[in-house]
Amino acid sequence: MKHSSAEHPLAHLNLGQATTYPEQYDAGLLQPVPRQLNRTPIGIDEGQELPFHGTDYWTGYELSWLQENGLPQVAIGYFEVPADSPNLIESKSFKLYLNSFNASRWPSWTDVEQAIARDLSRCAGAPVQVKLMPLRAPQHQIADWQATSIDDASVAIDSYDYNPELLQAAGHETVTETLYTDLLKSNCLITNQPDWGSLFVHYQGQAIDHASLLRYIVSFRNHNEFHEQCVERIFMDLSQRFALEKLSVYARYTRRGGLDINPFRSNFEAAPNMNRLSRQ
């Protein structure tokens with residue numbers, strides 16, 4: 001269901017509104033979004049122990065500030081927001097916040113790093129890890145999933161509206177699979193702008209039919225939710241429809257406004273290779 005901006009519970013956000021870009025550092029630009037707003041509808045009650053652990057991995061490609069002598073500095077920022085934080089960080093407010101560093105003078109890279117960690121932690125309601133890296137650091141190399149693509153599955157698709165009923169088992173056999181697709185697309189909850197991504201699914205348990213999984217992922221094409229919310233919805237849908245002992249769901253989305261968001265949720269492992277994909 002779509003809401004008009006007048007009635008939407010997140011209508012107060014800067015997202016989708018005309019914005020004046022900041023000229024000086026301003027931590028007040030950051031806007032939190034309570035995670036519980038989306039978790040209750042997918043079956044995670046407030047106060048309930050989360051069925052997963054995980055992190056929202058952000059990358060900031062447009063990060064700059066001034067040294068005390070006025071010389072600009074540039075960096076790529078890596079930000080890790082824990083999934084058990086009360087709030088996710090609204091992406092446009094994050095972009096505006098990072099832009100507020102552009103004309104501000106700072107004594108050192110460490111001072112900038114510490115300020116960002118402090119401000120993001122306050123917004124998220126939990127400690128956020130921050131690392132600023134020079135542009136030629138080896139961490140920025142492009143990688144690929146170490147997994148099997150489901151994008152060549154022989155499947156006819158005629159619906160692009162979210163439908164978890166499309167998911168089907170491939171029998172009762174217990175398997176371990178690592179799968180991915182580059183065909184994930186959803187839309188921003190507020191602006192309806194397209195969000196493009198690649199999805200990684202690692203599981204052990206009842207075999208999932210690959211064609212049905214692909215149909216299901218493609219059914220997000222007209223779906224409106226934030227990146228983090230889509231990944232948690234996918235995790236819960238797979239958990240509720242199959243007998244899975246282990247499950248990880250990881251999406252890496254293309255950047256918008258110099259930021260990409262890469263939510264990871266799992267009930268058994270840490271996130272795999274963090275290097276960016278070719279579209280990022």
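Guide: Strands β9 (residues 194-208) and β10 run antiparallel and are joined by 9 bridges. The model is predicted, so local features need pLDDT of at least 70 and side-chain atom pairs count only at pLDDT 80 or more, while totals for chains, interfaces and linings use all residues. Residues are numbered from 1 along each chain as its sequence is written, and side-chain values use heavy atoms, with hydrogens and water left out.

Visitor: Why is β10 called mostly covered?

Guide: A residue is buried under 20% relative accessible area, exposed over 50%, and partly exposed in between (1.4 Å probe, protein chains only). In β10 (residues 244-253), 8 of the 10 residues are buried.

Visitor: Why is helix α2 described as largely enclosed?

Guide: In α2 (residues 91-99), 7 of the 9 residues are buried, so the rest of the structure largely encloses this helix. Among the buried residues are Phe-94, Leu-96 and Tyr-97. Taking contact as heavy atoms within 4.5 Å, the buried residues of α2 pack against β2 (53-67), β3 (72-82), β4 (87-89), α3 (109-124) and β11.

Visitor: What makes the approach of Glu-90 to Lys-92 a polar contact?

Guide: A polar contact is a pair of N or O atoms within 3.5 Å; within protein, one must be able to donate a hydrogen and the other to accept it, and residues adjacent in sequence count only if both atoms are side-chain atoms. At the start of α2, a side-chain oxygen of Glu-90 reaches to within 2.7 Å of the backbone nitrogen of Lys-92. The side chain of Ser-64 likewise has a polar contact, reaching the backbone oxygen of Gln-73 at 2.6 Å.

Visitor: Why is Ser-64 called buried?

Guide: Ser-64, in strand β2, has a relative accessible area of 18% and is therefore buried. Leaving aside residues up to four places away in sequence, Ser-64 touches Pro-72, Gln-73, Val-74, Phe-101 and Asn-102.

Visitor: How do you know that there are 0 disulfides?

Guide: A disulfide is a pair of cysteine sulfur atoms within 2.5 Å, and by this rule the count is 0. For Cys-123, the closest cysteine sulfur, in Cys-188, is 16 Å away, too far for a bond. For Cys-230, the closest cysteine sulfur is also in Cys-188, at 10 Å, again too far. Cys-230 counts as buried because its relative accessibility is 0%, and Cys-123 counts as buried at 8%.

Visitor: What makes a group of residues a nonpolar core?

Guide: A nonpolar core is a set of buried Ala, Val, Leu, Ile, Met, Phe, Trp, Tyr and Cys residues joined through side-chain atoms within 4.5 Å. The largest has 31 residues, and those with the most contacts inside it include Leu-199, Leu-247 and Val-249. The largest share of this core, 6 residues, comes from α5. Apart from it lies another core, of 27 residues, Cys-123 and Ile-261 among them.

Visitor: Why is the pair of Phe-101 and Trp-106 called stacked?

Guide: Rings of Phe, Tyr and Trp (its six-membered ring) pair if their centres lie within 6.5 Å; planes under 30 degrees apart count as stacked, over 60 as edge-to-face and the rest as tilted. The whole structure holds 17 aromatic pairs. One of them, Tyr-25 with Trp-106, is edge-to-face at 5.2 Å centre to centre and 85° between the planes. Phe-101 and Trp-106 have ring centres 5.3 Å apart and planes at 25°, so this pair is stacked.

Conventions
Helix = DSSP H or I, 4+ residues; strand = E, 2+ residues; numbered from the N terminus. Pairing = 2+ DSSP bridges.
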